[in-house]
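This briefing sets out the fold, the charges and selected residues of a protein chain. Please consult the sequence and structure shown below.

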Amino acid sequence: MSYKRGDLVRFRHSGRLATVMRDEYSARFLDEQDREMIDHGMGHLAGSYGGAVDVCYVSGTIRKQINPVDIELVSRSEKP
């Protein structure tokens, strides 16, 4: 599922609500093992790529580069 600007989403683990601020885009995700590879000169092999979205929590806090696996759609935006 591709998320679009204006969609209302819920974080799966916390239940917090947020609004998608921009359409889904490609991003590189790094974990601890990937950062270790970068530190030892193998950054070209580190990370995994996938879709990401930027969101704004209902409280007003902005988070960027959220992995869509961590959220679920609550309501689709009416915008085309």
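**Briefing: fold, salt bridges and selected residues**

The protein chain comprises 6 strands and 1 helix. Read from the N terminus, the order of its elements is β-β-β-α-β-β-β. The radius of gyration is 15 Å, well over the 12 Å that the globule rule gives for 80 residues, so the chain is more spread out than a compact globule. The model is a predicted one.

**Overall dimensions and surface**

- The C-alpha trace of the protein chain spans about 45 × 25 × 20 Å along its principal axes.
- Buried residues make up 28% of the 80 residues in the protein chain.
- Among contacts with a separation of 6 or more, 53% are between residues 24 or more positions apart.

**Charge and salt bridges**

- The protein chain carries 12 positive and 12 negative side chains, and the centres of these two sets are 8 Å apart.
- The salt bridges number 4.
- Arg 76 and Asp 7 form a salt bridge through their side chains, at 2.6 Å from N to O. This pair links distant parts of the chain, 69 residues apart: Arg 76 belongs to the segment after β6 (71-75), and Asp 7 to the segment before β1 (8-11).
- The two partners can also be described by accessibility: Asp 7 is buried, its relative accessible area being 0%, whereas Arg 76 is partly exposed at 37% relative accessibility.
- A salt bridge also joins the side chains of Arg 12 and Glu 72, at 3.5 Å from N to O. Because Arg 12 lies in the loop between β1 and β2 (17-20) and Glu 72 in strand β6, the pair ties together parts that are 60 residues apart in sequence.
- Arg 12 is partly exposed, with a relative accessible area of 47%; Glu 72 is likewise partly exposed, at 29% relative accessibility.
- Glu 72 and Arg 12 are linked with Arg 10 in a network of salt bridges.
- Arg 22 pairs with Asp 54 in a salt bridge whose closest N and O atoms are 3.7 Å apart. Arg 22 is placed in the loop between β2 and β3 (25-29) and Asp 54 in strand β4, so this pair ties together parts that are 32 residues apart in sequence.
- Asp 54 is buried, with a relative accessible area of 7%, while Arg 22 is partly exposed, with a value of 41%.

- Asp 34 is located in helix α1, which covers residues 32-39.
- Although buried, Asp 34 has no salt bridge; Arg 28, the nearest side chain of opposite charge, is 7.0 Å away.
- Setting aside neighbours within four places in sequence, Asp 34 is in contact with Phe 29, Ala 46 and Gly 47.

**A glycine in the loop after the helix**

- Gly 43 is found in the loop between α1 and β4 (48-57).
- The relative accessibility of Gly 43 is 21%, and this residue counts as partly exposed. The cut-off for buried is under 20% relative accessible area.
- Beyond its neighbours within four places in sequence, Gly 43 is in contact with Arg 28, Met 37 and Ile 38.
- Gly 43 and Gln 65 are 22 residues apart along the chain, and their C-alpha atoms are separated by 19 Å.

Key:
Residues are numbered from 1 along each chain as its sequence is written. This is a predicted model: local features need pLDDT of at least 70, side-chain atom pairs count only at pLDDT 80 or more; totals for chains, interfaces and linings use all residues. Side-chain values use heavy atoms; hydrogens and water are left out. Helices (H or I, at least four residues) and strands (E, at least two) are DSSP runs, numbered from the N terminus. The radius of gyration is taken over C-alpha atoms; the globule rule is 2.2 Å times the number of residues to the power 0.38. Buried means under 20% relative accessible area, exposed over 50%, partly exposed in between (1.4 Å probe, protein chains only). Contact means heavy atoms within 4.5 Å. Lys and Arg count as positive and Asp and Glu as negative; His and the chain ends are not counted. The place of a charge is taken as NZ of Lys, CZ of Arg, CG of Asp or CD of Glu.
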